[in-house]
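Please walk me through this protein in a viewer, stop by stop. At each stop, say what to select and what is found there.

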Amino acid sequence: MDVSKAAGIDNLSGKFLKDGAVVLSKPIAEIGNLSIKYSVFPTDCQIAKLRPLFKKGSTTLPKNYRPISLLPLISKIFEKVIHDQTQMFLNENKIIYEFQSGFRKNFSTDSCLSYLNDKITSGFESGLHTGMILIDLQKAFDTIDHEILIKKMEFLGFSEKVILWFKSYLSKRTFKVNLNKTFSEPGKLLCGVP
């Protein structure tokens, strides 16, 4: 765990969790195992502390701030376990395109560019007209529709139990905007990926 990560709404810091790992690891693992067993994500892990981060321009304009969502660090432990298991399922069932570079271990923008360069060079050397269309989807993760995501998981063959866990993980998400030591009333998050 990166101890420099900011604490979520629970104020449990990475340093606290790391220093107390000998004592805390067993109960945290038990909570995680119960979450998976009963397909329920802990409610206290679904509240994000939202901090506005200044980008540029006038400090008086809200559009010049980017929201940073700070989740409880314990939820990140659970998410990592689920991520690894989901990735294993996708890899074993050959669901991900073999040259997908984003969000995969041992892949990067470099591997993507290398693949594209090889395709273009190969086409050029074969006398083919070679081109590409590039699309940049702004805020793609912020706009993911939860119902569509769940339907895609069903189509891809995820088990009912796993889908129930993801539904629990995505539903009833809330946030509180934090400025200095003041918090807003909770707001609902209806789309996007935490």
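**Before selecting anything**

This is a predicted model, in which local features need pLDDT of at least 70 and side-chain atom pairs count only at pLDDT 80 or more, while totals for chains, interfaces and linings use all residues. Residues are numbered from 1 along each chain as its sequence is written, and side-chain values use heavy atoms, with hydrogens and water left out.

**Stop 1: the whole chain**

Show the cartoon. The protein has 6 helices and 5 strands; helices (H or I, at least four residues) and strands (E, at least two) are DSSP runs, numbered from the N terminus. Read from the N terminus, their order is α-α-β-β-α-α-α-α-β-β-β. The radius of gyration is 20 Å, well over the 16 Å that the globule rule gives for 194 residues, so the protein is more spread out than a compact globule. That radius is taken over C-alpha atoms, and the globule rule is 2.2 Å times the number of residues to the power 0.38. Along the principal axes, the C-alpha atoms fill a box of roughly 65 × 50 × 35 Å.

Switch to a surface. Of the 194 residues, 24% count as buried. Buried means under 20% relative accessible area, exposed over 50%, and partly exposed in between (1.4 Å probe, protein chains only). Among contacts (heavy atoms within 4.5 Å) with a separation of 6 or more, 53% join residues 24 or more positions apart.

**Stop 2: the largest pocket**

Rolling a probe the size of a water molecule over the atoms shows where empty space is left. Here a pocket is, on a 1 Å grid over the protein atoms alone, an open set of points where a 1.4 Å probe fits, with protein on both sides within 12 Å along at least five of seven lines; lining residues have an atom within 4 Å of a point. Grid points are joined across faces, edges and corners, and a volume is the space filled by probe spheres set on the points.

Select F103, F141, I144, L149 and V193, which lie nearest the centre of the largest pocket among its 39 lining residues. Helix 3 (73–92), helix 4 (109–125), helix 5 (146–156) and helix 6 (160–170) each give two or more residues to this lining. Helix 3 gives the most, with 8 residues. The space amounts to about 1800 Å³. Coloured by class, the lining shows 26 nonpolar, 6 polar and 7 charged residues. Ala, Val, Leu, Ile, Met, Phe, Trp, Tyr, Cys and Pro count as nonpolar, Asp, Glu, Lys and Arg as charged, and the others, Gly among them, as polar.

**Stop 3: the second largest pocket**

Next, select L50, P67, I68, S69 and D142, the residues nearest the centre of the second largest pocket, which has 30 lining residues. Strand 1 (47–54), strand 2 (65–70), helix 3 and strand 3 (174–179) each contribute two or more of them. Strand 2 supplies the largest share, 6 residues. The volume is about 870 Å³, and the lining has 16 nonpolar, 5 polar and 9 charged residues.

**Stop 4: helix 6**

Which residues of helix 6 are buried? They are I163, W165, F166, S168, Y169 and L170. Their cover includes helix 2 (21–38), helix 3 and helix 5. Just after helix 6, K172 takes a positive phi of about 55°.

**Stop 5: single residues**

Select S39, in the loop between helix 2 and strand 1. Its phi is near 55°, a positive value in a residue other than glycine, and S39 is buried at 8% relative accessible area.

Move to K94, in the loop between helix 3 and helix 4. The phi of K94 is also positive, near 50°, and K94 is exposed at 71%.

End on K176 in strand 3, partly exposed at 27% relative accessibility. Beyond four places in sequence, K176 touches I9, A48, K49, L50, F183, S184, E185 and P186. Its C-alpha atom lies 47 Å from that of K119, 57 residues away along the chain.
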